[in-house]
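This briefing covers the packing and strand pairing of the structure shown below.

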Amino acid sequence: MLPRTLLATGLRDLLRRPLHTALLVLGVALGVAVVVAIDLAGDSARRAFVRSTDAVIGRATHAVHGGPSGVPVAVYRDLRRRPEVSAAAPVVEATAFSESLGRTSVRVLGIDPIAESPFRDHLGGGSLRAPGFSRLFTEPAGCVISAAAARRHGLALGGPLRLRVDDRALELRVLGLIEASPDRAAALEALVLLDVGVAQSLLGLGDRLTRVDLILASDADPSGLAATLPPGLRLAPASEQAQTAVQLTEAFHLNLGALSLLALVVGMFLIYNTITFSVVQRRTVFGTLRLLGATPGQVFGLILAEAALASAVGTLAGEVLGYALGQGAVRLVTRTINDLYFVLAVGDVPMTAAVALRGALLGMGAGLLAALPPALEASRVEPVAALRPSTYEGRARVLLPRIATVGLALALCGAAGLGVSDGVTAAFASLFAIVLGTALAVPLLTATLSGWAAAPLGRVAGSLGRIAARTVERSVSRTGVAVAALMTAVSVTVGVSLMIASFRATVVNWLELTIRADLYVGAPSGGGVRATPAIDPALPARLRALPGVADLETIRRVRVASGVGEIALGASELGATGGGLYRFAPGSEPDPWARVQAGSIIVSEPFAHRHRLAAGARLEIHTDRGPVVFPVAGVFYDYSTEEGQVLMARAVYERHFDDRAVSSIAVHAASGTDLAGLAARVREAAAGRALFVTDNRSLKREALRIFDRTFAVTDALRLLAVAVAFVGVWSALMALHAERTRELATLQALGLTPGLLRKLGLLESGLMGALAGLLSLPLGALLAWILVDVINVRSFGWTMELHYEPWLFVQALALSLAASLLATVYPLWRLGRREIAAALRHE
Amino acid sequence: MPPLIRFDKVSKSYPEGDAPRVVLREASAEIAAGEVVAIRGRSGSGKSTLLNLVAGIDSPTSGDVWLGTEAVNRLSPRARTLLRRDRMGFVFQFFNLIPTLRVLENVVLPAELAGRDPRDAHERASALLDRVGLLARAEAFPDRLSGGEQQRVAIARALIQDPPLVLADEPTGNLDDHAGAVVMELLEEMTRAAGKTLLLVTHSREVAARADRVMTIEDGHLVVPH
């Protein structure tokens, strides 16, 4: 326990240096804010998903699933009579796009209100007395939506609700509104309820259901029940759906979390820098305290207490700021999840205890960790420092090689770690070790390189050039850390930018290869990889007959059960292009496409990675005829989904499944055909269907728009990291100027004009910026390699070609210089307003 | 009665280039309890080094510095810290008050570090401030005080633990003549009245004239009058 008076010296010091304290608080606050915002967004998205899944699954313990063509109603009737089934409810489920509900993707759920009450009473099963729900049976196109959604989008009872499901444009009537409890409101916002019969009719399902939800008797044997189901049907635990979807987004959340930690690491540099400066400035005070009897432990505790207080305030501010940023971040995260994975509506972003606690632990932990080295330094101040001028810089220079050696060892451990473990978390840990290790070596490099820069800078800018270079060298305890912080932020920017540029270039090449037809016809329902839009199976034949159509390709995308869980299956019917649409990874069998025609399947690279499959392996797929084992003929490059997909030939699909729909059609025009005219003819042939007809170029543009949108969060995070580094340079310059008050005043007294003073300041910060920029380039290139060839492969299984875009390096150098030069503006302005006489007396 | 301080063939040199710079050469001397001793010498002659050796914040190259029955230089760093806290008071040329503590708190600090009862410490600090004429400024921060006033606070702080030994390094070196005289008078009066030993380093003849004995350092040799 620290004596009260000793504690008071620290606390009052925080109050007496508002700028210094503000920097400390800012370092923690910015780091915590970014972590909390991303955590909050991810957490809210995950909870929203769990809630919406709960809302749809309800109290079901199991569900009977069919293949793409669903479950016959007769099976439902049979299941209701089974003794091991306590309750059964028929469900039709589809993903739709709704203009009335804010142009978003929604889930359409067809239910039987009478059978519902044991399952989902909150959806209306318990509200049959409400007028809207009973009318669901009688109205041919009636639906029920959540009252919150109706209010948000201005929909009224009795009013129309427009939906597009597959290739159908539907206009329903809102017959009832569900007033849900606040915790369920968000889950129901993206849900449209119909009577199951109405849903079957509107979606063209005939007498089939998507699934049958079951509550099994407590003594029922699920495997016994499963064995009696007709071929093609499968009994699965109700939780399976939620698990599959949560697994889908795991890598996405992990990558986002790792990037958010970056802001915290850069924030730690700021804290370290600020506290170190404060320790250097108070060496005489610590010496006096030691002389008066304070033990090293007490001085150490004093610095940690100061850091703890500033961290606590910073953490609190960071939590509030993070909460505010989280509201924006959740929109970006939800949009990406909706683009890539599944339909999700996140109504609210409440601060949860878990997120707040994680933020608090990280904030306090980072603050205290960053304060450890300066606290140790302060505790080692000898009492004689009360009588002698500072010797800190001398000691810092002695320590530099040791710190650099530790850094090098850390970086080497990180590099070795890449080879030891093949996990994603381990890869991120290695990456952090490499970044941190390199950053530790930066002060030594800063001192060495700025020492070398003295002569050339002297030739260019005379004495001021030499002073600038030697100041950066001599005050390396301050400048080195600022350069390290800036270098870290810029190198991560370089690494991530190179990764995105490489990814984009790879995707562009892939789009060039795969999008070769002239026109594409599809149903615009959203919902990411879980969407399986169906187009009228008669349409391809009609299109083929149109003048100007040379060839057609079709693909049917469905989700089916398999030996490795639910998977995305594509049934492809290729025209003259044959398998040329696909590029195969090494190890694939010769001419895989010919084998696909003969009954094999091919799997995409992420699928092969996720399930550890290679050419020659076998995969069991649950077809309408029961489980069938397919040989894998090859692995193809595919960047459409990180979940991965399996492809089989259309003819093979039709042998095993009853479904005859297609999901999209690619039209090759005969040479010389007017594409606009052909598009008009295609639209005419598809009249009455809600289909989009788009040309090759627009489709590629749309794909790249979604790609760019996916990385919007990353851009925001990178900017924040640079902002924190900017504050780091600023604080270092402020410290530098404060320490050199007398020296600079002497120079001014000797005739240094305000203009020359500015020149000196800009030379110093310019040198720091240039060093940070130059050092960030090799590290950035290394980070890009780790992100592309290690983390990306482990997270998603994608092979990408690494493109070292020269303009990104130039941009990084410019960013680094601009950040450091801008950071000089305020310190220089402050310096210019100082009274020289007072500064000359400064101790 | 054994001496309070004893220098036993104390030598001190600092590394400087190839050959070490010798500051003290086998200095031997004894200072009795209650004695006021001034050390004089040219700048860089080793006066402050001698004081630092007694305080245990510097170590001799050879020989021992004794405080009572303990060889200060042979104690552990922690024991030296406790020795300074409990048995020594310090007065510096630049006062070295803690800028973030009020006057009263500055005086109380060593007692609090020693774990003394806060109420007792405050009472004693108030009495000492009264003695140095600054009780009215007890709640002020040091930067509101003149140099002479700050040094008077430092004297009060040096005496809060009632140490047998007070070490003063150029206590008037940063004060004008009048303030210096006031401070020196107080320092002498308060240490003599309490029977304490005062070891002070000074350039000033006037200050040295107040001492019982004046030791000088010439070319590393401690010249002790008998």
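In this predicted model, V646(A) touches I567(A), A568(A), L569(A), G570(A), I601(A), I602(A), V603(A), F607(A), L619(A) and I621(A), leaving aside residues up to four places away in sequence. V646(A) belongs to strand 18 of chain A, which spans residues 646–649. The points below cover that strand, the cores of chain A, chain A as a whole, and the sheet of chain B.

**Strand 18 of chain A**
- V646(A) and M648(A) point one way from the strand, while L647(A) and A649(A) point the other way.
- Residues on both sides are buried: V646(A), L647(A), M648(A) and A649(A).
- Strand 14 (residues 565–573) of chain A pairs with strand 18 in the parallel sense, over four bridges.
- Within strand 18, V646(A) is the residue that L569(A) stands opposite.
- Strand 15 (residues 601–604) of chain A pairs with strand 18 in the antiparallel sense, over two bridges.
- I602(A) has L647(A) of strand 18 as its bridge partner.

**Nonpolar cores**
- The largest nonpolar core holds 120 residues, and L569(A), I601(A), I621(A) and V646(A) touch the most other members.
- Helix 16 (residues 476–514) of chain A gives the most to this core, contributing 20 residues.
- Another core, of 50 residues, lies apart from the largest one; V108(A), L170(A), L194(A) and L216(A) are among its members.
- In soluble globular proteins, nonpolar side chains tend to be buried together.

**Chain A as a whole**
- Chain A contains 28 helices and 20 strands.
- Of its 843 residues, 58% are buried.
- Counting contacts in chain A between residues at least 6 apart in sequence, 82% join residues at least 24 apart.

- Chain B has an open sheet of four strands in the order 2-1-4-5, with antiparallel pairing.
- Strand 2 (21–31) and strand 5 (70–71) of chain B are at the edges with a single partner strand each, so one side of each has no neighbour in the sheet.
- Strand 1 (residues 5–14) and strand 2 of chain B run antiparallel and are joined by seven bridges.
- In strand 2 of chain B, V22(B) is the residue opposite S13(B).
- Helix 1 (residues 47–55) of chain B packs on the sheet and touches strand 1, strand 2 and strand 4 (62–67) of chain B.
- The direction of helix 1 of chain B makes about 120 degrees with that of strand 1 of chain B.

Note on methods:
Residues numbered from 1 in each chain as written. Chains lettered and ligands numbered in written order. Predicted model: local features only at pLDDT ≥ 70, side-chain atom pairs only at ≥ 80, totals over all residues. Heavy atoms only, no water. Pairing = 2+ DSSP bridges. Contact = heavy atoms within 4.5 Å. Axes fitted to C-alpha atoms, helices over the stretch in contact; angles between N-to-C directions. Buried < 20%, exposed > 50% of the residue type's maximum accessible area, 1.4 Å probe, protein only. Core = buried A, V, L, I, M, F, W, Y, C linked by side-chain atoms within 4.5 Å.
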